[in-house]
Amino acid sequence: MSKMTGGISDKEEPANAEIQALVEEVKDQITGKMNASFNIHVGNDQCIHARIYRNLMREVSVHSIEENKTKEDPITYF
């Protein structure tokens with residue numbers, strides 16, 4: 001396949017740090033939202049799992065919480 005300016009290459013290679021940073025910046029501009037899950041220590045041996053959501057307006061809210069967890073409990077999608 002011949003190369004053309006602005007075309008797609010057949011060659012695949014891992015992204016370097018500069019390309020990865022560019023992808024992350026563009027991804028944030030495109031999606032602008034985020035779901036993240038956390039294991040939060042709340043005292044003694046108790047933890048909760050919390051799923052936090054950030055929308056396009058950068059407003060943050062708690063989506064869901066699972067109680068009675070320990071720090072060893074794996075975080076699963078909930």
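Asparagine 68 lies in strand β3 (strands are DSSP E runs of at least two residues, numbered from the N terminus). The model is predicted: local features need pLDDT of at least 70, side-chain atom pairs count only at pLDDT 80 or more, and totals for chains, interfaces and linings use all residues. Residues are numbered from 1 along each chain as its sequence is written, and side-chain values use heavy atoms, without hydrogens and water.

**Sheet**
- An open sheet holds 3 strands in the order β1-β2-β3, with antiparallel pairing (two strands pair if DSSP finds at least two bridges between them).
- β1 (34–43) and β3 (60–69) are at the edges with a single partner strand each, so one side of each has no neighbour in the sheet.
- Strand β2 (residues 46–54) pairs with β3 over 7 bridges.
- Lysine 69 in β3 is opposite cysteine 47.

**Positive phi**
- Most residues other than glycine have a negative phi.
- Asparagine 68 has a positive phi, near 60°. This residue is exposed at 66% relative accessible area (exposed means over 50%, buried under 20%, partly exposed in between; 1.4 Å probe, protein chains only).
- Asparagine 44 sits in the loop between β1 and β2. Its phi is also positive, near 50°. At 74% relative accessibility, asparagine 44 is exposed.

**Serine 64**
- Serine 64 belongs to strand β3. It counts as buried, at 17% relative accessibility.
- Contacts of serine 64 include His49, Ala50, Arg51 and Phe78, leaving out residues up to four places away in sequence (contact means heavy atoms within 4.5 Å).

Methods: Helices (H or I, at least four residues) and strands (E, at least two) are DSSP runs, numbered from the N terminus.
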